[in-house]
Amino acid sequence: GISLELQEALDFYYRHISQVDTKAENTIESYIRDIENFLNYVHEKRKTIESITNKDIDEYFEEVLVGNAQATKNRVVSSLRNFFGFICDYLGCEDPSVNIGCFKKGKRLPKVMSEGQIENFLEGSGDSEKEKFLDALFELIYGSGLRASEACTLELNSLNISERTIKVLGKGSKERIVPISD
């Protein structure tokens, strides 16, 4: 368990975010669990809210969260920042979480079709209008390097046949002009 002082701080924060925050109940429960786990850790070191330091938070991440996923660590960072920001503002003490950074998420490469999958896809096409349309769409996506989401939002008036380009709406609602392959 944690000390009465730490538990009261956690309960006070829980009442605050339950009334003010618009996050889902599961998210709030995850935040509270993150904070409670950290408070259990610092309780073993006989810490009070006012005596918790940035070093305690760093050690928690190094000792307790060492094998966790980056997304989990970032959620804990967010939980602790929000908790200490609120509690330290209320108590008038120094916030030990101000200098904790976020953890970089590993970037995942998009999934691509193998050469064999592409060949099978193209061989399986037929002569119906729908199959011809799908073949042309696939060729446009593949040949012009479109994202599937960009292809889904294409409109006929975005095609410029004379310049052999198509205007697409990409990520972040950014418009880009893409050449059409032969």
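This report walks through a helix pair and the nonpolar cores of a predicted model.

## Ground rules

Residues are numbered from 1 along each chain as its sequence is written. Because the model is predicted, local features need pLDDT of at least 70 and side-chain atom pairs count only at pLDDT 80 or more, while totals for chains, interfaces and linings use all residues, and side-chain values use heavy atoms, leaving out hydrogens and water.

## How α1 meets α2

Let's start with α1 (residues 4–20) and α2 (residues 25–44), two helices (DSSP runs of H or I, at least four residues). They pack at an angle of about 165°, with 11 Å between their axes (lines fitted to C-alpha atoms over the stretch in contact, with angles from 0 to 180 degrees between N-to-C directions). That makes the two roughly antiparallel (an angle over 145 degrees).

On the α1 side, Leu6, Gln7, Leu10, Tyr13, Tyr14 and Ile17 make contact (heavy atoms within 4.5 Å). Their partners in α2 include Ile28, Ile32, Ile35 and Leu39.

## The cores

Now for the nonpolar cores (buried Ala, Val, Leu, Ile, Met, Phe, Trp, Tyr and Cys residues joined through side-chain atoms within 4.5 Å; buried means under 20% relative accessible area with a 1.4 Å probe, protein chains only). The largest one has 29 residues, and Phe38, Leu39, Leu80 and Phe83 have the most contacts inside it. Helices α1, α2, α3 (54–63) and α4 (70–91) each supply at least two of its residues, with α4 giving the largest share, eight.

Setting aside neighbours within four places in sequence, Phe38 touches Ile52, Asp56, Ile57, Tyr60, Leu80 and Phe84. There's also a second, separate core of five residues, among them Leu140, Ile166, Val168 and Val178.

Definitions and conventions:
Angles under 35 degrees count as roughly parallel, over 145 as roughly antiparallel, 65 to 115 as roughly perpendicular and the rest as oblique. Buried means under 20% relative accessible area, exposed over 50%, partly exposed in between (1.4 Å probe, protein chains only).
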